[in-house]
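Please read the structure below together with the paragraphs that follow it.

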Amino acid sequence: MEKKNLDWANLGFGYTVADYRYVSNYKDGKWDDGAIITDPNVVLNECAGVFQYAQTVFEGLKAYTTEDGHIVCFRPDLNAERMKSSCERLEMPVFPVERFIDAVEKVVKANEAWVPPYGSGATLYIRPYMMGTNPVIGVKPASEYQFRILVTPVGPYFKGGAKPITIRVSDFDRAAPHGTGHIKAGLNYAMSLHAIVDAHEQGYDENMYLDPGTRTYVEETGGANFIFITKDGKFVTPKSDSILPSITRRSLMVVAEKYCGMTVEHRPVKFSEVGDFAECGLCGTAAVISPVGKIVDHGKEICIPSGMDEMGPGLKKLYDTLTGIQMGRIEGPEGWVKVIA
Ligand code: PLP
Ligand code: COI
């Protein structure tokens, strides 16, 4: 199978239209068989539930080419489970976990030519999503839905690749304190768009959101969870019911303890502690592990000791181990890596 002729090493985190996508429709209380199709456009009624009441959820995972030439993806069962909880919160039907995994496999196989080669620095981003499709005008859930998966080859999420970034404490909240911060619904991301545009205008790469109730605890950024390394080498990551339960973060907690021999603390993290850590990073499917070099709190700079030049040693060890598992250089815990081709 011949790969597409792309400049893999210089891809950013953007959308490139690939050849195939997966689609399944929900009507009369059931999902149809689903199919791989070629049309990237979605045509919907003007009054579709997704347009009127924002009934839309999504997921994000990646496919990798391993060192020995297989194509794999990482823990798709956890994305399927998380999408289930997102759907339940927004009164949307669940796309069954087994079918979700099967659909990921089918769409990646169909787009094999778009999966970046091993060592290229790029990966195939997989975006499952679902929306309410039939007309609704009174405030109520739709009764018909479409589940789709698009794929697109991507490079690093932050410009500058692995260079440490500068973030600022946001005055805007990512998710209103109405109990949806833990789900991957478009509405939470819509809430963060103004904050990210404003942060970029002011020269910051991302926002650090604090808990919207008291603004004293570290929550997450617009697209990643936080991880910290203490001066004595412990792994610390915020515990909160209003952040997305990152699959990368949950995996790193295991990697830190079982592979790197670190003590893991999953607990509320006060913003006032941040200056005491040795290293700070963002973790997620898109972010992988992105080091943070500086946090600006209303003009006050907190310089993370690992600095602005490169990732610190604790995060580097975690990064090498996690990506080693994902790309087949290191054997992961059972069930983490799903071989697709
Ligand atoms: N937090 C937010 C708000 C996200 O959008 C993401 C990305 O999915 C994450 C955290 C990281 O989650 P995961 O590691 O499952 O990709
Ligand atoms: C992901 O990492 O998959 C995300 O969803 C983060 C962002 C691109 C929305």
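Predicted model: local features only at pLDDT ≥ 70, side-chain atom pairs only at ≥ 80, totals over all residues.

Residues are numbered from 1 along each chain as its sequence is written, chains are lettered from A and ligands numbered from 1 in the order in which they are written, and side-chain values use heavy atoms, with hydrogens and water left out.

Ligand 1 has 17 residues around it, and Tyr189, Glu220, Ser246, Thr248 and Thr285 come nearest; a residue is near a molecule or strand if one of its heavy atoms lies within 4 Å of it. By class, this shell holds five nonpolar, eight polar and four charged residues. Here Ala, Val, Leu, Ile, Met, Phe, Trp, Tyr, Cys and Pro count as nonpolar, Asp, Glu, Lys and Arg as charged, and the others, Gly among them, as polar. Polar contacts are pairs of N or O atoms within 3.5 Å; within protein, one must be able to donate a hydrogen and the other to accept it, and residues adjacent in sequence count only if both atoms are side-chain atoms. The side chain of glutamate 220 places an N or O atom 2.6 Å from a nitrogen atom of ligand 1. For lysine 184, a side-chain N or O atom is 2.8 Å from an oxygen atom of the ligand, and a backbone N or O atom of isoleucine 247 lies 2.8 Å from an oxygen atom of ligand 1. Taken alone, ligand 1 exposes 380 Å², and the protein buries 97% of that (Shrake-Rupley method, 1.4 Å probe; for residues, only the protein chains shown count as cover).

Lysine 184 also belongs to the residues around ligand 2. A polar side-chain atom of lysine 184 lies 2.6 Å from an oxygen atom of ligand 2, and tyrosine 125 likewise has a polar side-chain atom 2.6 Å from an oxygen atom of this ligand. The protein buries 89% of the 280 Å² that ligand 2 exposes when taken alone.

Strand β6 covers residues 71-74 (strands are DSSP E runs of at least two residues, numbered from the N terminus). Ile71 and Cys73 on one side and Val72 and Phe74 on the other are all buried, meaning under 20% relative accessible area with a 1.4 Å probe and protein chains only. β6 pairs in the antiparallel sense with β5 (residues 61-65) over three bridges; pairing requires at least two DSSP bridges.

Methods: Buried < 20%, exposed > 50% of the residue type's maximum accessible area, 1.4 Å probe, protein only. Helix = DSSP H or I, 4+ residues; strand = E, 2+ residues; numbered from the N terminus.
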